[in-house]
Each structure stands twice: as C-alpha cells, then as structure tokens.
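Here is a report on one protein chain.

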Amino acid sequence: MLNILFAKYSSYQPNTYTFTKHLAEQIVNDSRDKIPILLYRPSMVTSSLCEPVPGWLDNFNGPIGLLVASGSGVMMTHYANPNIRADVVAIDVTVQGLLLASYKICNRFGPMTLDRPLDVLHCSRGNVKPLTFGELAEAAKRLVRQNPFEKFVWVPCGSVTTNPILHYARLIIGQWSLALMVDSFLLLARRKPMLLKNQRRIATASKALQTFFTTQWLFSNDKFLELERLIPPGDL
C-alpha cells in the first residue's frame with residue numbers, strides 16, 4: 001500500500017529521500033517573500049578536504065559508507081556507470097559555501113516579493129575537477145592498499161559495472177557467500193554474526209544511490225563559484 005501511495009504522490013521521485021527534499025524546497029519557495037532565504041543544493045557530500053582535519057567525517061551516509069565497505073573487503077561490486085562524472089564535494093567546502101551564501105542573501109538589497117524568483121545555488125565542483133566513478137573506484141583501491149584499514153575481511157578488489165549479470169554474479173559469489181561463510185564460523189565460535197547484517201545495509205544504501213550512480217547530472221554551479229569573490233584576498 002505504501003509503495004502505491006508513494007508512486008502516486010512522489011512526483012516520480014526515485015526515493016523518499018529526494019521526495020522529502022522536494023517537499024522542503026516547496027516550503028522554502030512559499031516563504032521567499034517573508035524572510036531572506038535561498039535554496040542551497042549540495043551534490044554528494046564526502047569527507048573533508050582541509051578542516052577540521054583532512055578526511056574527517058562523522059558518519060557513513062552516502063558514498064562514503066560504500067567506499068568504507070569496499071575498503072574493508074565486504075563490498076566487491078557496485079552497479080554504477082564507471083564513465084559518468086562523480087559529482088562529489090567535500091563537507092568543509094559545503095559548509096563554507098553555505099556560510100557565504102547566507103551572508104550574501106542577508107545583505108541583499110531590494111524588497112522580498114513573490115514576483116522575485118527564489119535564489120538557487122548548486123554546491124557542486126564536478127566541472128572544476130572532473131572524476132568518473134571508474135577513476136574513483138581505482139583510486140580508492142590503490143589508496144586503501146597503500147594505507148590498509150586496521151580491520152578488514154578481504155583484500156579490496158571490487159569494481160563498478162553496468163552489466164547486471166556480472167554485477168549479480170559478483171554479488172552472490174563474492175559478497176553474500178563470503179558473508180554467509182564468515183557468519184557461520186562466528187556462530188560456531190559462539191560469537192555474534194555481523195556480515196549478513198552489513199550486507200543488508202549495503203544493499204539498502206546501494207538501492208537508494210543507484211539513480212545517482214547511473215545518471216549523468218549536470219549542475220549549473222556558476223552562482224556557487226561566484227561566492228569565492230566574497231572572501232577577502234588575505235583569507236584565501
């Protein structure tokens with residue numbers, strides 16, 4: 001029943017994540033004549049570039065969770081197009097851009113009316129330093145072999161593909177069979193199994209992100225790049 005209602009009222013959104021964001025943007029648009037407000041749309045957010053330390057992130061949501069799963073050897077395949085651009089942005093760049101955008105909108109002159117269009121900023125740098133998903137996967141495997149995790153199940157050897165037969169063959173033979181075997185040994189050792197539970201989480205995340213990993217997105221980020229002009233030269 002919920003799936004039927006979602007298909008009817010979601011305006012053909014791929015999942016509930018994008019659907020709820022769409023609803024929130026409608027509320028923001030309806031309030032544009034009451035308070036200084038804008039839409040700030042970051043692309044896929046990853047770990048920090050510089051602040052507070054390089055590589056910092058406080059959760060495994062989004063693509064970072066899949067990269068960590070691949071680095072620990074529990075994820076060996078991902079259904080994605082290796083030739084499309086991976087439009088990712090660091091979390092500290094996202095926050096800095098949001099602060100600059102807030103400063104800009106609060107210092108804007110002129111009346112706030114419904115006739116004035118809502119400002120939309122795409123926090124994206126995919127066209128500045130383009131990187132495909134295939135290149136990202138190969139770079140991640142190279143780096144994790146140079147700096148391996150403290151705990152891992154298998155040597156990172158996965159890849160991305162758009163071939164469903166190859167993907168599910170790797171998924172069943174490489175991931176699910178390995179998870180079942182390791183969890184069986186854990187049960188025999190009277191320890192708590194964990195890999196099959198992780199595989200369910202990986203499957204849920206992969207399904208939610210599949211649309212973003214198989215579609216080439218082209219964001220107009222001119223307004224976002226112009227925010228750099230607000231920073232004094234001495235602070236750059």
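## Surface and core

Tyrosine 168 lies in helix H6, residues 164–188. Helices here are DSSP runs of H or I with at least four residues, numbered from the N terminus. The model is predicted: local features need pLDDT of at least 70, side-chain atom pairs count only at pLDDT 80 or more, and totals for chains, interfaces and linings use all residues. Residues are numbered from 1 along each chain as its sequence is written, and side-chain values use heavy atoms, without hydrogens and water.

Two residues count as partly exposed, the class between buried (under 20% relative accessible area) and exposed (over 50%), with a 1.4 Å probe and protein chains only.

| Residue | Helix | Relative accessible area |
|---|---|---|
| Tyrosine 168 | H6 (residues 164–188) | 46% |
| Glutamate 226 | H8 (residues 222–226) | 36% |

The C-alpha atoms of glutamate 226 and lysine 197 are separated by 45 Å. Along the chain, the two are 29 residues apart.

The largest nonpolar core has 16 residues. Such a core is a set of buried Ala, Val, Leu, Ile, Met, Phe, Trp, Tyr and Cys residues joined through side-chain atoms within 4.5 Å. Those with the most contacts inside it include Leu66, Val74, Met75 and Phe213. Helices H3 (63–71), H5 (133–146) and H7 (195–213) each supply at least two residues of this core. H7 gives the most, with 4 residues. Apart from this core lies another, of 12 residues, among them Tyr40, Leu100, Leu121 and Cys123.

Methionine 75 is in contact (heavy atoms within 4.5 Å) with Leu66, Ala69, Ser70, Gln175, Ile202 and Ser206, leaving aside its neighbours within four places in sequence.
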